[in-house]
Amino acid sequence: MSEGEPVPGSLYIYAPNKVAPIFFAIAFALSAIGHTWQCYHYKSWKLIGLHPLCAWVFTLGYALREYGAFNYIYKGKNLVVLMTFILSQVFIYVCPPLLELANYHVLGRALYYVPFLAPLPPGKVLSTFGAVMLFVEILNSVGVSLAANPSSSETTQHLGSVLTITAISLQLVVILIFVTLAVIFHFRLRQANIHNKGLSRTLKTLHTSMALIFIRCIYRLIEHMGHTSVDLKDIDALRNLTPILRYEWFFYIFEASLMLVNSVIWNVWNPARYLPRHHNIRLATDGATEIHGEEEKDERPLWAQIASALTFGLLFRKKYHQAC
């Protein structure tokens, strides 16, 4: 069977590779073990706990895909084969938005550490972006489950693709806004001549992670823009599917590999090594002295706080007093 040639009855469209899922299942399992140990060692479950969770879910997703690599022909009767395929897809595709949420938490903790340069109130980062990502995750989960089921009608599959496109598009917008905040914060650190190596490494890792997730989202968006309705019995319709669905290497490069790299870089540059364990530890305005205690009360009027948030902290910024 030539590459890109559909296999009638295959839930994957093609005959799936039998080696790649083993590699990624083992790789994600090792990363998950590392994340789990790091969370225990640094007592950082709140800060980075989503990473071990996602790595374990990825491991399960690729383990199920390995089973599917040997059981991928669906003739409308074997529900185990169908459910294994759907669960594999869901487990693999629901994790990136959660990893994005983990990045929001990391930036929030970094802003808590240097609050006087924060473009947004530190406490608002996770709550604001987290609420949006919850909505994205719901749309993404429902969309993937509907679009991945080839036994459903063309209308249902199309609805799944529409929901997935909506979720990914919203995710891309949120990423761009988030990266803007992170870049503004990084720029202010340099302008203030604050050269904290740990904080700098965390922000660079954060930028890299968001870039990986952004590229992955573009891939997923393109995947759903072409002809995506699957009819396992119609070989001509399968041949007309978008190439991204017919060639497996797209998936392993732009989905599996990117997310594995994302997981590993946070193993190597775990933010718990560089950021305080508690958000009430922050740098003073001299950029060197650490202060232990609650954040200074925001004395700005409500309208000024709202205006500051809407302008990413460019206007009506909160004033911090010098450390004694």
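These legends accompany several close-up views of one predicted model.

The model is predicted, and local features need pLDDT of at least 70, side-chain atom pairs count only at pLDDT 80 or more, and totals for chains, interfaces and linings use all residues. Residues are numbered from 1 along each chain as its sequence is written, and side-chain values use heavy atoms, with hydrogens and water left out.

View 1. The protein chain holds twelve helices and two strands, where helices (H or I, at least four residues) and strands (E, at least two) are DSSP runs numbered from the N terminus. Along the sequence the order is α-α-α-α-α-α-α-α-α-α-α-β-β-α. Of the 324 residues, 53% are buried, a term that stands for under 20% relative accessible area, with exposed meaning over 50% and partly exposed in between (1.4 Å probe, protein chains only).

**View 2. The spans annotated in UniProt.** The unreviewed UniProt entry places the feature "transmembrane region" at residues 20-40, 47-64, 79-99, 111-139 and 159-185; such annotations may be inferred rather than shown by experiment, and the positions are given in the numbering used here, with feature names shortened. Residues 20-40 are 100% helix and 0% strand, with end C-alpha atoms 30 Å apart, while residues 47-64 are 94% helix and 0% strand, with end C-alpha atoms 29 Å apart.

**View 3. The packing of helices α7 and α8.** Helix α7 (residues 154-191) and helix α8 (residues 197-223) pack at an angle of about 160°, their axes being 10 Å apart; axes are lines fitted to C-alpha atoms, for helices over the stretch in contact, and angles run from 0 to 180 degrees between N-to-C directions. The two helices α7 and α8 are therefore roughly antiparallel, the word used for angles over 145 degrees.

**View 4. The packing of helices α3 and α11.** The axes of helix α3 (residues 50-70) and helix α11 (residues 248-268) come within 11 Å and cross at roughly 150°, which makes α3 roughly antiparallel to α11. Residues that make the contact (heavy atoms within 4.5 Å) include Phe-58 and Tyr-62 of α3 together with Tyr-252 and Ala-256 of α11.

**View 5. The surroundings of Phe-24.** Phe-24 lies in helix α1 (residues 20-42) and is buried, with a relative accessible area of 6%. Leaving aside residues up to four places away in sequence, Phe-24 touches Tyr-62, Tyr-252, Ala-256, Ser-257 and Leu-260. Phe-24 and Tyr-62 are 38 residues apart in sequence, yet their C-alpha atoms are 6.5 Å apart in space.

Notes:
Angles under 35 degrees count as roughly parallel, over 145 as roughly antiparallel, 65 to 115 as roughly perpendicular and the rest as oblique.
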